[in-house]
Amino acid sequence: MRETPEELNELQVLLDASLSRSTAHLRSIINAERTLTAEQLTQVLTGMCTLALSTVTAKGEPRISGADGHFLHGKWHFGTARGAAKARHLATRPAASVAHMRGEDLGVFTHGNVEILNPEDAEPAADWPDLLAYFKDFYGDDAFDWDDDVVFYRLHPHWMTVFAPDLAKLTGESV
């Protein structure tokens, strides 16, 4: 867990607000007994989590693809090749949705806007050096040409909800 108390609080406020303004149908499935707190979520989302990433084309057509997701500081971070279609979509239309699912045991659904962490022709995000160190440690220092080959994003969520009917099953512990 890399989140500060402030980040955990911000995430909890987001989770609570998102669920409270969801449809009755969604709230009948995801309720207090079938969700996680921010702290529990950050304990479950460690390492690389496969994401289904949804972007939109210039014609407004939806596109979905996979991405390696890392949940750091209460937000999803992911990368792709600079020449990938999703990189072109996100460069002009930064709205995105991601889903991380583990069978019927976990579903994390997020909508928001992306921030490019390491733009080609601009200053990187202030925390990019720390994130880059994390990614190099995870993937290997020589996995990519980190300056030219890959672009990384942070998804700033405006809506996020979690379906988790059994925390003990996710953590392997008794609750």
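Two strands pair if DSSP finds at least two bridges between them, and the strands (E, at least two residues) and helices (H or I, at least four) are themselves DSSP runs, numbered from the N terminus. This is a predicted model, where local features need pLDDT of at least 70, side-chain atom pairs count only at pLDDT 80 or more, and totals for chains, interfaces and linings use all residues. Residues are numbered from 1 along each chain as its sequence is written, and side-chain values use heavy atoms, with hydrogens and water left out.

**Stop 1: the hairpin.** Select β2 and β3: they form a hairpin with 2 residues between them. Click histidine 73 in the turn, which has a positive phi of about 55°. The two strands pair in the antiparallel sense over 4 bridges, and leucine 72 has lysine 75 as its bridge partner in β3.

**Stop 2: across β3.** Look for alanine 81, whose bridge partner in β6 is valine 150. Is β3 mostly covered or mostly open? Mostly covered: 5 of its 7 residues are buried (under 20% relative accessible area with a 1.4 Å probe, protein chains only; exposed is over 50%, partly exposed in between).

**Stop 3: helix α1.** Select residues 5-20, the 16 residues of α1. Colour its buried residues: Leu8, Leu11, Leu14, Leu15, Ser18 and Leu19. Seen down the axis of α1, they fall within an arc of 125°, so they line one face of the helix. On the face turned away from that buried side, find the exposed Pro5, Glu6, Asn9 and Ser20. Finally, show α2, α3, β2 and β6, which the buried residues of α1 pack against.

Note on methods. Expected span 1.5 Å × (residues − 1). Arc of directions from axis to C-beta. Contact = heavy atoms within 4.5 Å.
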